[in-house]
Amino acid sequence: MASSAKFTLQSTLPILNSPHTIMPRLGFGIYRSPPDICVASCLTALRSGYRHIDSAQFYKNESEMGEAVRKAGIPRSQVFLTTKVLSAAGSIDKTYAKCANSVQLIDPGENGYVDLFLIHSPNSGAKNRKEMWLALERLHAEGKARAIGVSNFGKGHIEEMKAFATVWPPAVNQIELHPWCQQREIVEYCNTHSIIVQAYCPLARNLKAHDETLVGVAKKHDKSTGQILIRYCLQKGWVPLPKSDTPERIVANADVYGFELDEEDTATLDSLDQGERGAIVEAVKNA
C-alpha cells in the first residue's frame, strides 16, 4: 500500500526516464466522451482541481482535451495530458507522423507536446508493437512526448521490448484495475521495475455500485461507492482515471482526500478479487 497520510489533489509521482516530468496521482478519463460534451466535462474537471486528463486516438476527442485546457486558461505546463496510439501505420515513419499529428491536435504549435504517449494495446502483434514503440521513442527524443509507456501489456510484452528499445522500461502501464480485477502479477512486476501503474475503469463502470461489500465500506465512511473505489486505487499506489460526463460526479470523484481506508477496509476490498473473470474490458496476458 502507498503511504496515504498526506495525499491531496495536488499529489504527484516522478516518472522514470523523464526527470523533469511529474504525474498527478489522480487523472480524469475521457473514454469515448462525445466531442460536443468532452470540452465541457474537461472544463468541469479542470475547475474542480484535476490536472491530469487521459485521451487516446481511439476516443476521437484529443483536440477537445487540448481545447479545454486552453479555454480553462491554465498554463499548459500545469496540466498533464496523455494520449495513446492503437494501431501501427505500416512503417516507423508513418506511425511517427500519425502520433505527431495527435500532438498537434492536443497542443498546436512548434513547441507542442504531450506529457505521456502510450501504446494502447499489445493485441496487434510483435511487429506492430515494435513499430509503435520506435515511433514513440522518436517523439520522446524530440520532446514531443515527455514520457512514453504502454497499456494492457503483460509481463511478456514488456520483457520483449528489451530486444529493441532504447527507452526501457516503459514509464507507465495503464491497465484495468478495481477490487474485482486486481491483476496482482503484472502490478507486482511493474512495481519491481518502477513502472507507474495507471488504473482505467477504477469505478468498474458503475456495475458494482450495489455490491453489498462495497456499499458497506461506503456507509462506514459516509462516502459514495465511487469515492471508495478511487480512494482504494490511490492507497494501492495506482493512478486512477475515473471517467464521467456528469458534472456532479466529476466533482465528487475528486473529493477523496478527507478520509482514509483502514487495514480492515482494504482487506475487505482485496477479498473481492475475481482474477481474470473480474475484468470488464480485459485482463493482461502475462505469458
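This section describes the aromatic ring pairs and the charge–ring contacts of a predicted model.

A pair of aromatic rings is described by the distance of the centres and the angle of the planes. With ring centres required to lie within 6.5 Å, the count comes to 3 aromatic pairs. In one of them, formed by Tyr31 and Tyr59, the centres are 5.4 Å apart and the planes stand at 90°, so the arrangement is edge-to-face; the angle exceeds the limit, since planes over 60 degrees apart are assigned to that class. Tyr31 is located in the loop between β3 (28-29) and α1 (35-47), whereas Tyr59 belongs to the loop between β4 (52-54) and α2 (62-72); the pair therefore ties together parts that are 28 residues apart in sequence. Tyr31, with a relative accessibility of 32%, is partly exposed, while Tyr59 is buried at a relative accessible area of 10%.

An edge-to-face geometry is likewise found for the aromatic pair of Tyr232 and Trp238, for which the centre-to-centre distance is 5.8 Å and the angle between the planes 85°. Tyr232 has a relative accessibility of 0% and counts as buried. Trp238 is buried as well, its relative accessible area being 4%.

The charged end of Arg138 is placed over the ring of Tyr96, at 3.7 Å from the ring centre. For Arg146, the charged end sits over the ring of Tyr113, and its distance from the centre of that ring is 3.7 Å.

Definitions and conventions
Residues numbered from 1 in each chain as written. Predicted model: local features only at pLDDT ≥ 70, side-chain atom pairs only at ≥ 80, totals over all residues. Heavy atoms only, no water. Phe/Tyr/Trp six-rings, centres within 6.5 Å; stacked < 30°, edge-to-face > 60°. Helix = DSSP H or I, 4+ residues; strand = E, 2+ residues; numbered from the N terminus. Buried < 20%, exposed > 50% of the residue type's maximum accessible area, 1.4 Å probe, protein only. Lys NZ or Arg CZ within 6 Å of the ring centre and 35° of its normal.
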